[in-house]
Amino acid sequence: MEVEAVIEEFFNQTWKERFKEPMSLHALTMLWSFTVITLALGATVSALTVGIVADHYGRRNSILIANSLSLMAVAFMGISKTAGSLEALIVGRFLIGLFCGLNMTLIPLYIQEISPTRVRGAFSTMNQLSQTVGTFIGQIMSLENMLGTSRWWPLMLSLSAIPAILQYLTLPFCPESPRYFLINCHEDELAARELQRLRGTQDILEEIEEMKQEATNLKGTEDVTMLRLFIVPSYQQPILIALILNASTQLSGFNAIINYSTKIFRLAGVAHPTQTTLGIGAINILFTIFSGEVPWTKYFLLLALFTMVAFYEIGPGPISWYITAELFSQSARPVAMGLTSSWNWFHNFIVAMFYQPLLHLVGPYVFLLFTGFLLVAILYTYFRVPETRGRTFEEVTAEFRQADAILTSRF
């Protein structure tokens, strides 16, 4: 029995104990769908607060604060079966969504600000790799011969406490972002000390000077709000790039494949759909590192899905989460990352809500719609997205300021 069926059985049994009658199929489907989308809904909301949290508490400390939401979520989901509470499971899903919205933005922000320019992309890819490994482990744990059973599913949902606890044990010993200390807090000595810890050398003058240059350029500028991202000319192009790239990763249909791969394989006549889904997870990991009527159709489907997952993890998968950090200056970075992360989760929510209705309406042709979105994203990326590899934050943002100055002079 799949995890979806196991939890639906819990819903039905709990409802029957309360109201002395089973749930209707429609009500059960709606309740399951609502439970699924509450995660994306929570993440959409919490991501909008990243700028406030990160600037007030710092990058590292904000990650630690966000982890408390994960532990709270585990508590609710862990007791839901024992307490016979549908509501506890749904609240837990919403809390884990709040956690994801914060940490899946704060962690790339922290990594981008502490990484050396020349290997910034590699460090960001490691973050994506850890996510894909976590997803793969989750897929394994959800198997019926592991924890995906009517008895052990609460324990399966509680596994997210493990990384939170590990971070509480290790992250306090990690340096805070030197950029945060120097540019946000104006603590030059603290910034230099933390940068020396990160680099393992006293030779940090060049990086400190680059940070001071950015701080000088930001002097006298107003605090950046979400509204200013759209009305200040030098922010308009980068925020548009970030929003389009983040939307395209969800509108590619990738998460629909990940979430419904077992069902897709079963409909295609694949003999072992659950095990094949693990293959999707394995490909997910492998290519992150390198950043059924006709008998042959199921093999073509497997090839197509594996290829899509591979190319997604080479490019748009990891890049969409950290390119925003590279396009904005220190003052705008947290707000921009929060907004684009929320935008990403919002489209995750939209795909989760409408994928199955569209599948019932037009069948597999729904993937032609995803293909159309991808074609637009490819063209936009080719013509409008600048290369950021090997460039400092200041060099990238200076390019947008220069473009804005040229445009202003013409008018």
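Visitor: Why are α1 and α5 called oblique to each other?

Guide: Helix α1 (residues 3-19) and helix α5 (residues 86-114) pack at about 140°, with axes 10 Å apart. Axes are lines fitted to C-alpha atoms, for helices over the stretch in contact, and angles run from 0 to 180 degrees between N-to-C directions. Under 35 degrees is roughly parallel, over 145 roughly antiparallel, 65 to 115 roughly perpendicular, and the rest oblique. The pair is therefore oblique. Helices here are DSSP runs of H or I, at least four residues, numbered from the N terminus. This is a predicted model: local features need pLDDT of at least 70 and side-chain atom pairs 80 or more, while totals for chains, interfaces and linings use all residues. Residues are numbered from 1 along each chain as its sequence is written, and side-chain values use heavy atoms, without hydrogens and water.

Visitor: What makes the contact of α1 with α5?

Guide: I7, F10, F11, T14, W15 and R18 of α1 meet L86, E87 and L89 of α5. Contact means heavy atoms within 4.5 Å.

Visitor: Why is the pair of F10 and F11 called tilted?

Guide: Rings of Phe, Tyr and Trp (its six-membered ring) pair if their centres lie within 6.5 Å; planes under 30 degrees apart are stacked, over 60 edge-to-face, the rest tilted. F10 and F11 lie 6.0 Å centre to centre, with 40° between the planes. That value falls in the remaining class, so the pair is tilted. F10, F11 and W153 form one aromatic cluster.

Visitor: What makes the pair of Y355 and F367 edge-to-face?

Guide: The planes stand 70° apart, and the centres 6.1 Å. Y355 sits in helix α18 (residues 333-362), F367 in helix α19 (residues 366-384).

Visitor: How do you know that Y355 counts as buried?

Guide: Buried means under 20% relative accessible area, exposed over 50%, partly exposed in between (1.4 Å probe, protein chains only). Y355 has 3%, so Y355 is buried. F367 has 23% and is therefore partly exposed.

Visitor: Why do R59 and D55 count as a salt bridge?

Guide: The term asks for a side-chain nitrogen of Lys or Arg within 4 Å of a carboxyl oxygen of Asp or Glu. R59 and D55 meet at 3.0 Å, N to O. R59 is buried at 0%, whereas D55, at 28%, is partly exposed.

Visitor: What makes E326 and R120 buried?

Guide: E326 has a relative accessible area of 5%, and R120 has 2%. The two form a salt bridge, the closest N and O atoms being 3.0 Å apart.

Technical notes. Helices (H or I, at least four residues) and strands (E, at least two) are DSSP runs, numbered from the N terminus.
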